[in-house]
Amino acid sequence: MDVLALSRIQFAVTAMFHFLFVPLTLGLSILVAYMESRYVATRDGMYLRMTKFWGRLFLINFALGVATGLSLQFQLGMNWGEYSRYVGDIFAVPLAIEALLAFFLEATFIGLWIFGWKRVSPRLHALSIWIVALATNMSALWILLANGWMQHPVGYVLRNNRAELTDFLALITSGYGWLKFFHTILAGYVVAAFFVMAISAWHLLRKNHLPLFKESFRIGATFGLVSALLVVLVGDFHGAEVGKAQPAKLAAMESLWETQRAVPFYLILVPDPQKERNALELLGIPKMVSFLAFKDGNAEVKGLKDFPRDERPPVWATYVGFRLMVGLGGLFILLSALAAFLSWKDLLERYPLFLKVLLLALPLPYLAGELGWIVAEVGRQPWIVYGVLKTSAAASRGVSALQAVVSLAGFMILYGFLGAVNFYLLAKYARKGPEA
């Protein structure tokens, strides 16, 4: 295996592992802040215990998210030196703002929240976790604006064989970047909601701290339903943006080989990339792809054959990832709607089977998030910066296959250890329940 393939595998492994922690951090920070605000407003001790219980799980996840995220930036210099040289003037700007503004704000106030119990007023203490939640989501914004620029480059010129930023405002107002931001953080909110519902369901099945976990479940279910519905809404707008900015990705998402008008959406479809066609197409919904992509049922959608072979993304991974992600999104709406109804009607204890289903469903929002990144990043190939720089031209020069293998193995061992520690601690304190 060559250095390019090893470098791609290494970045994929580390990025996808890091993204196991990011979504929960995004959503759980808001939920913990809401719980503490309820305590400040009501002075009900149950909300204080609730805040400390979920806050401990948040801190465990937060620490591992920070640790696994730092290595991603080092890889830009280690494995992707040519990328850093070519677009460093642009890509470094949002990353620097993220570190100097969002990350330091986050780090400062997470310290105040951890050590400020009984040292600052309850209102100030609650404000500190709201600032952490804001900073966490702001951090995601700058990183996703950077990624959005890679997906749809704007505000730059090519000069001296490098990309140079000419319009900072265009970068930070990129429609593609903002849609990607909202789609990602809302998906993170769904992860957090199902995390809270699953752990609450585990305790409800065992009759532990019933008032506390009924209320936790209700909060998670309501948050999850709203977030899951908004994911679909934002995803619709994002899909239309992909149709305009990355037509090859859209064609791969739908396994569309021939350019057509009024393209149907097939519920059952089996791609055959070797023969550049589909082996099976059944149950098509007329004009749906054209309408979703361009808001016109008769719109033309470019097929993969209209692109050179070396500029077509991998079809199987993009198509399957997109279909599974959409299917899981529909499932989340159904489960969270039923969960919200049962919790608000105080009927959860009558349906232990449903509580078990929610417990088993805990990994699914994580899976949906990873699938979303597969669609976004694999569907962009062979470009690392769409239409500007190919991935094959972005790898570092002078790195040997042995060095790439050793660093890949090192990251996998380190991340495996960190993952084991994280999941052990989360499971331990989730089972333990709130302090008396």
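A residue counts as exposed when its relative accessible area is over 50%, as buried when that area is under 20%, and as partly exposed in between. Keep those cut-offs in mind as you click through this predicted model.

**First stop: Leu267**

Select Leu267, which sits in strand 4, residues 265-272. Is Leu267 buried or exposed? Its relative accessibility is 52%, so Leu267 counts as exposed. Now show its surroundings: leaving aside residues up to four places away in sequence, Leu267 touches Leu282, Leu283 and Ile285.

**The whole protein**

Zoom out and colour by secondary structure: the protein has 14 helices and 8 strands. Along the principal axes, the C-alpha trace spans about 65 × 50 × 40 Å. How does the radius of gyration fit a compact globule? A compact globule of 436 residues would have a radius of gyration near 22 Å, and the 23 Å of this protein therefore agrees.

Of the 436 residues, 52% count as buried. Colouring by charge brings up 38 positive and 27 negative charges, whose mean positions are 9 Å apart.

**A hairpin**

Go to strand 1 (residues 156-159) and strand 2 (residues 162-165), which run antiparallel and are joined by 4 bridges. Select Tyr156 and look across to strand 2, where its bridge partner is Leu165. Then move to the turn: this hairpin has 2 residues between the strands, and Asn160 takes a positive phi near 55 degrees there.

Select Thr184 in helix 7. With 12% relative accessibility, under the 20% cut-off, Thr184 counts as buried. Which residues does Thr184 touch, not counting those up to four places away in sequence? They are Phe19, Leu144 and Trp373.

Follow the chain onward to His209, in the loop between helix 7 (175-205) and helix 8 (210-245). Phi of His209 is near 45 degrees, a positive value in a residue other than glycine. The relative accessible area of His209 is 33%, so this residue is partly exposed.

**Ser255**

The next selection is Ser255, in the loop between helix 9 (247-253) and strand 3 (260-261). Here again is a residue other than glycine with a positive phi, near 50 degrees. Is Ser255 buried or exposed? Its relative accessible area is 1%, so Ser255 is buried.

**Last stop: a cis peptide bond**

Finish at Gln381 and Pro382, which are joined by a cis peptide bond with omega of about 10 degrees. Pro382 belongs to the loop between helix 13 (363-378) and strand 7 (383-385).

Methods: Residues are numbered from 1 along each chain as its sequence is written. This is a predicted model: local features need pLDDT of at least 70, side-chain atom pairs count only at pLDDT 80 or more; totals for chains, interfaces and linings use all residues. Side-chain values use heavy atoms; hydrogens and water are left out. Two strands pair if DSSP finds at least two bridges between them. The radius of gyration is taken over C-alpha atoms; the globule rule is 2.2 Å times the number of residues to the power 0.38. Buried means under 20% relative accessible area, exposed over 50%, partly exposed in between (1.4 Å probe, protein chains only). Lys and Arg count as positive and Asp and Glu as negative; His and the chain ends are not counted. The place of a charge is taken as NZ of Lys, CZ of Arg, CG of Asp or CD of Glu. Contact means heavy atoms within 4.5 Å.
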